[in-house]
Amino acid sequence: MNVLNFVNAFFSDSAHWHGYDGIPARLAEHVQYTLEALALAAAIGLPIGLVTGHYGRGGNALSLVATAGRALPSFGLLVLMTTLLGFGMLPVMIPLVVLAVPPILVTTYEAMRSVDPSPVDAARGMGMHESRILFQVELPVALPLILSGLRSAAIQIVSTATIAAYVSLGGLGRYIVDGLFQVNYEKVVGGATLVAVLALVTLALFWAVARVAVSPGVRRR
């Protein structure tokens, strides 16, 4: 059987659409892991990136942290966290958040530094408070790049959240791990296809958000 036959066999099997191991349930679990990890990573990366980018300080330190975060192997970190903390959501969230923080952090910093200093200086000359300058002058211009960092982080989480299945949790990785264990390549290919489709849907969602959230004048730049 070729890959297309595996995909067709997987999705045409009605057993894969019902119950706790059905596609809707596993997809919902995967989306939950992704949203939780992305929210935690954004809560860490966005404030630090915005503040350091606004003041133009700490760029080298952020680059060092981002490089270190990207160098850590997610699966190895999952094994280490599971060994130290036991089974559960926390050992899964840690490697996913560590994976997602660097692109958010670095892209947000660079987005803030790329803002034209002329309107920022004009705002300061008018006596605007630093927080108003950040949110009303710099952030609207930096938003496209910031969203690109969030998009990159989301795609990485969607692709990597499959590791949750290795520590007895759910998600789309359950099909891949169980399929490999059972030598059921139909299930493996089906799970991989679902992950790829979810990644494409994530890209489309961020494109739609950018169309709504970014002002037309900034989009045309």
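# Aromatic cluster, cores and salt bridges in a predicted model

Phe 10, Phe 11, Trp 17 and Tyr 175 form one aromatic cluster.

User: Before we go on, what kind of model is this?

Analyst: This is a predicted model.

User: How many aromatic pairs does a search of the whole structure find?

Analyst: The search finds four aromatic pairs. In one of them, the ring centres of Phe 10 and Phe 11 are 5.1 Å apart and the ring planes stand at 90°, so this pair is edge-to-face.

User: And how are the rings of Phe 11 and Trp 17 arranged?

Analyst: Their centres are 6.3 Å apart and their planes are at 45°, so the pair is described as tilted.

User: Is Phe 10 buried or exposed?

Analyst: Phe 10 counts as buried, because its relative accessibility is 0%. Phe 11, with 25% relative accessibility, counts as partly exposed. Trp 17 also counts as partly exposed, and its value is 38%.

User: Changing topic, which residues touch the most other members of the largest nonpolar core?

Analyst: The residues in question are Leu 38, Val 92, Leu 96, Ile 104 and Leu 150, in a core of 41 residues. At least two residues of this core come from each of helix H2 (23–55), helix H5 (89–113), helix H6 (117–125) and helix H7 (130–160).

User: What is Leu 38 in contact with, leaving aside its neighbours within four places in sequence?

Analyst: Leu 38 is in contact with Ile 104, Leu 150, Ala 153, Ala 154, Ile 157 and Phe 206.

User: Which residues does the second core include?

Analyst: The second core is separate and has nine residues, including Ile 23, Leu 172, Val 195 and Ala 199.

User: Let us look at single positions. Where is Val 98?

Analyst: Val 98 is placed in helix H5. With a relative accessibility of 25%, Val 98 counts as partly exposed.

User: How far apart are Val 98 and Arg 70, in sequence and in space?

Analyst: Val 98 and Arg 70 are separated by 28 residues in sequence, and their C-alpha atoms are 7.9 Å apart in space. If neighbours within four places in sequence are left aside, Val 98 is in contact with Gly 69, Leu 72 and Leu 77.

User: What about Ser 74, which helix is that in?

Analyst: Ser 74 belongs to helix H4, which covers residues 74–85. Ser 74 has a relative accessible area of 16% and is therefore buried, as the cut-off for buried is under 20%.

User: Which residues does Ser 74 touch?

Analyst: Not counting residues up to four places away in sequence, Ser 74 touches Pro 95, Leu 99, Thr 160 and Ile 163.

User: Now H6. What happens at the start of that helix?

Analyst: At the start of H6, a side-chain oxygen of Asp 116 comes to within 3.1 Å of the backbone nitrogen of Ser 118. Gly 127 follows H6, and the phi of Gly 127 is positive, near 90°.

User: On to charges. How many salt bridges does a search of the whole structure find?

Analyst: The search finds four salt bridges. One of them joins the side chains of Asp 21 and Arg 26, at 2.9 Å from N to O. Arg 26 is buried, with a relative accessible area of 7%.

User: Which residue does Glu 130 meet in a salt bridge?

Analyst: The side chain of Glu 130 meets that of Arg 124, with an N to O distance of 2.9 Å. Glu 130 is partly exposed, at a relative accessible area of 25%. Arg 124 counts as partly exposed too, at 36% relative accessibility.

User: How are Asp 178 and Arg 174 separated in helix H8?

Analyst: Asp 178 and Arg 174 are four residues apart in helix H8 (residues 173–182), which means that about one helical turn separates them. Their side chains meet in a salt bridge of 3.1 Å, N to O, and both Asp 178 and Arg 174 are buried. Elsewhere, salt bridges that share partners join Asp 21, Arg 26 and Glu 29 into one network.

User: Finally, what does the UniProt annotation say about residues 27–206?

Analyst: The UniProt record, an unreviewed entry, annotates residues 27–206 as "domain: ABC transmembrane type-1". In the model, this span is 84% helix and 0% strand, and its end C-alpha atoms lie 19 Å apart.

How values were computed
Residues numbered from 1 in each chain as written. Predicted model: local features only at pLDDT ≥ 70, side-chain atom pairs only at ≥ 80, totals over all residues. Heavy atoms only, no water. Core = buried A, V, L, I, M, F, W, Y, C linked by side-chain atoms within 4.5 Å. Buried < 20%, exposed > 50% of the residue type's maximum accessible area, 1.4 Å probe, protein only. Contact = heavy atoms within 4.5 Å. Phe/Tyr/Trp six-rings, centres within 6.5 Å; stacked < 30°, edge-to-face > 60°. Polar contact = N/O pair within 3.5 Å; in protein donor to acceptor, adjacent residues only side chain to side chain. UniProt positions renumbered as here; feature names shortened; annotations may be inferred.
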